[in-house]
Amino acid sequence: MSADLDPPSDGPWAQAWKRLRRNAMAIAGLVVVSVMALAATFAGTVAPFDPRISESWETSLPPGARHLDLVNEFVVTAGQAPRERDVPPWLHDGLGDGHDHACELDVVAEEVKQLRVTMDGAKVTKIQGDGARTLAKVELGPEDHLRVKDAGTRIEAKALEPGMALPEGVPAKTGRWVLFAEWVRIAPDAKRTVRVAYGYGTVSAVTVAGAAHAGEMRIRAEHVRDLRVDGARKEHVHVLGTDLNGYDVLSRIIFGARISLLVGLVATLVSLSIGVLYGAVSGYAGGRTDVLMMRAVDVLYAMPYIFLVIVLLTVFDRNLIVLFVALGLVQWLTPARVVRGQILSIKRREFVDAAVTLGTTPWRILVRHLIPNTMGVVVVFTTLTIPAVILEESFLSFIGLTVKFGGEPIDSWGALVDSGRNALGVNGERWWMLVFPGAAMSLTLFSMNFLGDGLRDALDPRQKGRG
Amino acid sequence: MGRYVLRRLLWTPLVLLVLVTLTFALIKAAPGNPFAMDRVVSEEIRAQLEARYGLDKPAIVQFGQYLGRVVTDFDFGPSMKFKDRTVNDIIANGIGPTMLLGACAVILAVAIGLTAGTIGAVRQNSVFDHASMSAATFGMSVPNFVTGPVLVLVFALSWKALPVSGFDPSFSLLPALGIAALHVAWRVTERIRVGPAGFSWGREFACLWLGLLLAAVTSVVTLLARSPTLILPAVTLALPFASRIARLMRAGMLEVIGQDYVRTARAKGLSETTVVVRHALKGGILPVVSYLGPAITGVLTGSLVVEKIFAIPGIGREFVEAALSRDYMLVLGIVVLDGLLLVLFNLAVDVVYGFLDPRIRYE
Amino acid sequence: MSSNGPLLDLRGLRTHFRTDRGPVRSVDGVDLSVAPGESVGVVGESGSGKSVTMLSVMRLLPSPPAMHQGQALWKGEDVFGWGARRLRSFRGREVAMIFQDPMTSLNPYLKIGVQLTEAVQLHLGLDHAKARDRAAEMLRRVGIPVPESRLDDYPHQYSGGMRQRVMIAMALSCEPQLLIADEPTTALDVTIQAQILELIDAQRRASGTGLVLITHSLGVVAGMCDRVVVMYAGRVVEEGRTEDLFGDPRMPYTVGLLRSVPRLDVVTERLVPVPGTPPDPQRLPSGCPFRVRCPWAEARCAETRPELRDVAAPGAAPHRIACHVDITKAAPREPASGGAA
């Protein structure tokens, strides 16, 4: 390529970079966006948890909650290799690594008593224990609890006696009905230590309180009070808490970033390609074609386009491709207008005349000479369109038009915010499920807008301070 | 001026026609039959249904009939999900709450935005300027489907100062209040001399200003007293627009204050208030006026979210539900109606713009 | 009010602009006075501080970044000591200003009538109808045909020259004692320039108004001004009666300026532009700022900055220059060597 065919040489870009570096907010935005993009790209490595795996006792943990690294119930048998799904990952991973490991679990024994509670609406009328014996009152110790049989959910109560209204955790029904509950009692002196020695492919020994345990041993996570592997405590921290399903909020945000950023990037590329090409053709053709093409843009500009996107997603299958097309189709108008303006001013420059006199075809002039010269505008629009598209996609997810990918609904930030909103609880006690996804999204949009504004100022100082 | 308005007016039906055609074509392009989706019906009933909705005729005829009904009778046809309700019924029930919410939000946004932006520009680099601009930048970036639930969390769930959701239909005084406020402002500014006496633009502006502020204050007070359910939705909806308007107003004012003609006005010995009110405001407000068109689109779009969050029975919520349950007739009707509202509002904005900027008017 | 004293008397006026890269000394100690009814031309290259000086007097520069020092005395009162109220009665009423670009100096959103009447209503206390009459009268005086109907037009409906006429009408409408015209013809067509200057001259003579005419054109000054002030790098470098200064320039910069202007009354062999470029106000050379371009520069010019001194014959009108060298006695170097710095 000869010199005049090059897109703007290093000079203006280097200058723009210099100007951008002086803009502290834009640089902060750049840093945030880069961190987000990296986290999203390497979500599998960065995210502390798999956002699709959870244990039932992990639900609605507040930010910073710690829990032992266990699965619901796991099974070990001395002399055998356990199945992957039966054990926590650290045990499974340690099995093949050629080292001996020792795992100590402090386990408490619990005693389960069956209760039959007769209810009238939400009011307790009668409590019966073993052998239909009527109980005057069930008092629960500090570690005791009640749970609904079958459903497995906990009943939040300190005591149970006839005449009281059943507290949270039990769905109210009308009329007389019977609640089958379990009274789980923790015996304070029932603490035992279980040792599991493993490595070299099998569990070599299982001992309970110093004595060898023969055969299969089932350990329920809720009975484990402490866990040490090779002397170190095995714990997990949910920095931002977990949601109603027990999924780690931070991990969901990171995986959501992947979806949101991907949608933003692809839809922006679609829209910019359309916009740049349309604007370039219109500007270069000039005359009546130009007028007609721009009038069409004007008409489309007046459309309530988000409604049209909704119609599109209503009418067609809600998959990613339709979403890309829908969002891409509405965002191309502004770049088309701006690029046209740029082309109009560039096409009068000498190097275009030179190319025309050399007999270059119009198409070639457009693609090789004119469009590269609009790159500054394109860069600015890319950074400003991505947040707009992310916002729109999240908006659609939020109102319920969740897009499916591979048959499963994708969890973009908008969907996270919506589920967080629904999970708040009557006093807003589960605030973290809403606040953190919302904050992540706002921070990203904030940063991208700052970066876009900074880039616009840097690339076109004359525009500074507009809007 | 007349020709300018006329040209804008001719634009309106074209935009609407394109909108209806586009939406209709999209719906017709839907794969499968809308009735085949969730209900299994006999051939006979299906034929009946198709006849009822005119689906047995070719698409172009259907389109013609639909357009004819809409234009002549303003009839958007029957709903596909609710057997005994027409689209008109649903819209008639929903338009009130939506308009009320939108009016509240626009009044709040304009009043707050203009005031904050003007003060920010006149007292550039003051503490107020920095604080309000930071708040505005933040307000612009936080989507309203985040703001809304967070406001609910803070004010309704934790603090319990305001209701979580719902809508009090008894309350629809607000538009009347706004007009009354404008009227009061007009009378008040008659007495107050804005700068030297006589013909000036100051009065119109002072009036608009006072009117907006009065409307905002009275609406907030009334909302608190009578219908607190509307406060959080209105604030949620208004926030991004107030932020954007504040920034536009500040930038516009700063640009105008730096103009030679403002220096000329100062050199005449006019007071700073007169300089700002009479000489700077008119130019400085223009970017805000051109933003009002997109802002109304934004308010309508935002109402989809806000009505969902706060369970307000407006057309926004109906639209989302219609989209989710594929009630095509209702979707079509609401798109056309919103399109009409937008086009009319944009026309009004254009006229106001022409009124403010003589160079456009006499073009 | 002392009738004999000068209307405007600047004493050591300094206007510095605070910038990120340190202060810019646009006006750096200007002494200048204007007597009632007198017309003074202020001449200098762009960036010499002539406009900033007058904008400082009107206190029209936003502060910060502009910082003022020294005094600007209006009939003995320091302008910088005034409160907002006194300042407003000064601007427009006592001193009026005409700006360089009439295309941007009129408010495009307001009718000409409004812009013309507001100052009259404010300062002269006329009611609306009388103010309109006065505005029409002023427009007629500056030569705008059918003024009554043109009051309701907007600035964009006027041509450039017409707009400058409106500016003149606006400036003179409150009968100020001093008119400051800041390059009033620079932005206009050459054909209109002379008309506008004549108009300013005739109007101010008719009302006995003092005039400060800021220009970079010596030719304009020669025809209109009683006295000329030459500015360079934020200071006055030569000042005197027009005929003295033109007939016997004593400051090398003025000499250079005069040589660069074609004159009808003197046959010159060739026009010589002043060599070099005006200095960056942030990095002024030591001593006399003109020395790097000056063919007469000597060693002492680099050491101290020359103060204004009177070089007129005893008893004659003052003629002051800021120069160490007496160019009537010293010989210049070749211009080429002077321009190399």
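1. Across the interface of chain B and chain A, the rule finds 2 salt bridges, a salt bridge being a side-chain nitrogen of Lys or Arg within 4 Å of a carboxyl oxygen of Asp or Glu. In one salt bridge, the side chains of Asp418(A) and Lys308(B) meet at 3.6 Å, N to O.

2. This is a predicted model, in which local features need pLDDT of at least 70 and side-chain atom pairs count only at pLDDT 80 or more, while totals for chains, interfaces and linings use all residues. Residues are numbered from 1 along each chain as its sequence is written, chains are lettered from A in the order in which they are written, and side-chain values use heavy atoms, with hydrogens and water left out.

3. The interface brings 47 residues of chain B into contact with 46 residues of chain A, where contact means heavy atoms within 4.5 Å. The area buried between the two chains is about 4000 Å², and carbon and sulfur atoms give 77% of this area; buried area is the accessible area (1.4 Å probe) that two parts lose on being put together, summed over both. Within chain B, Leu26(B), Phe145(B) and Lys308(B) lose the most area to chain A, together 15% of what that side buries.

4. On the side of chain B that touches chain A, the elements that give two or more residues include helix H5 (127-141), helix H6 (144-158) and helix H12 (286-310) of chain B. H1(B) gives the most to this side, with 9 residues. Helices are DSSP runs (H or I, at least four residues), and strands are likewise DSSP runs (E, at least two), numbered from the N terminus.

5. Chain B as a whole has 15 helices and 0 strands. Of its 363 residues, 53% are buried, that is, under 20% relative accessible area, with exposed being over 50% and partly exposed in between (1.4 Å probe, protein chains only).

6. Arg59(C), in the loop between helix H1 (50-57) and strand E4 (66-74) of chain C, has a positive phi of about 55° although it is not a glycine. Arg59(C) counts as partly exposed, at 26% relative accessibility. Val146(C) is also not a glycine and has a positive phi of about 45°. Val146(C) lies in the loop between helix H5 (128-141) and helix H6 (147-150) of chain C and is exposed, with a relative accessible area of 56%.
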